[in-house]
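Please look over the sequence and the structure shown below before reading the notes on charged side-chain pairs, model confidence and one backbone angle.

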Amino acid sequence: MTSPTAEAAGPPDSAPAGRGAPDPAPAAEAVGLGPALSPDKILAHRALLRRFVDGAPLRPVHLRVALAPRDTGAGDGLSTDDTVRLLREFAAGGGRAVSFRGGREPTAHPGYPTVCDAGHEAGLRLGLVTDGTRLGRPEVAECVASTHTWVRVAFAYDALILDDVGRLRQSAIDPDFRIGLHYVIGGRNPAGIPAAARAARGAGAHYIRFEAAPGAEGPETAAALEEAALLAARDFEVHVTGRDRSPGGRFHRCHYSRFTATVAADGHLYPCPQVRADHRYRTGDVVADGWTETLDGGARAAWEATDPLRAGLCGSCAYRPQNELLERLREDRGLLPEHAPPETPAGLHADFI
């Protein structure tokens, strides 16, 4: 999925809140997503961190799955049966959370409701990154409302999608359910930033998340983000995200991939989403060999012994803060209590590391 940029997002000064969009949730319902979006969220897992600093074996607790629609006759993409088996094996091996995302729309997979029902029944918490175009379909809406913990929608000035966002906020079963919009700032239309925040709040979203594309930073963008931030309330949050992908970093192993992993649409296991398009980073085939066998295989062990900063795509690591934090903890176990805020053990969405 490719998020639309600001310059493609529609009218800059006003935006439809959605025809007949439901009212936002009452102000008493706090969104509370700040800690959930922090790289330090990994500190919620005290027992796992103790195993990590002791050098004990670890299995990922969060799995990102690139669930893509299967093209007729092409045979690509994970089948429904393969994905159900993967999720059950992942849960049986200590897995806790699964995020569905990918280069194409996950909910277009013909088995999406079946997959999600199986994962939910296995005790997994589920998240979804989507373009939102299918959230209004009854089978998808019912599936998401009954099985998901969060949904992030690529922002678009589409009244129907905005309506669906508000409806899902009201109908979701999980008390921790959060649904919000992701807006990529393109730089040529800063006035669209506060307009997007108004549309998101009017639709009933829990939050809007802004991410600046390369070259989009500047005083006009900063001013627009400040204006958007004024719309924040107890029941609606405005977040600005940015990742430091500059070369280098003070870590020499991909520690983060011991806590989370990615399965691409072809069934191959990768350390993270950033490298899933490059076969050099494959660490096994979960469809052919199964989840447990793949984790215990030589390819993953070899990756864990590799200095990732010597590998091409890892020079601009998207998860650099997590890796640097974990390396500090590994070097000095005494830092663990100091870096574990008291509110993190039961943090919102903590299992989605």
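What follows is a short briefing, grouped by topic.

This is a predicted model, in which local features need pLDDT of at least 70, side-chain atom pairs count only at pLDDT 80 or more, and totals for chains, interfaces and linings use all residues. Residues are numbered from 1 along each chain as its sequence is written, and side-chain values use heavy atoms, with hydrogens and water left out.

**Confidence**

- The mean pLDDT of the protein (pLDDT being the predictor's confidence in each residue, from 0 to 100) is 83, and 83% of the residues reach 70 or more.
- Over residues 1–28 the pLDDT stays under 50, and for this stretch the model has 78 contacts beyond four places in sequence, a contact meaning heavy atoms within 4.5 Å.

**Salt bridges between separate parts of the chain**

- Searching the whole structure gives 11 salt bridges, each defined as a side-chain nitrogen of Lys or Arg within 4 Å of a carboxyl oxygen of Asp or Glu.
- One of them pairs D351 with R96, with the closest N and O atoms 3.7 Å apart.
- This pair links distant parts of the chain, 255 residues apart, since D351 is in the segment after helix 12 (335–338) and R96 is in the loop between helix 2 (80–92) and strand 2 (97–101); helices (H or I, at least four residues) and strands (E, at least two) are DSSP runs, numbered from the N terminus.
- R96 is partly exposed, at a relative accessible area of 31%, on a scale where buried means under 20% relative accessible area, exposed over 50%, and partly exposed in between (1.4 Å probe, protein chains only).
- D266 and R282 form another salt bridge, their closest N and O atoms being 3.3 Å apart.
- D266 lies in the loop between strand 8 (260–263) and strand 9 (269–270), and R282 in the loop between strand 9 and helix 8 (286–289), so this pair ties together parts that are 16 residues apart in sequence.
- D266 is partly exposed at 36%, and R282 is partly exposed at 36%.

- R300 and E304 meet through their side chains in a salt bridge of 3.1 Å, N to O, and both lie in helix 10 (residues 298–304), four residues apart, or about one turn of the helix.
- R300 counts as buried at 6% relative accessibility, whereas E304, at 26%, counts as partly exposed.

**Backbone**

- Most residues other than glycine have a negative phi.
- H349, a residue other than glycine, has a positive phi near 60°.
- H349 lies in the segment after helix 12 and is buried, with a relative accessible area of 6%.
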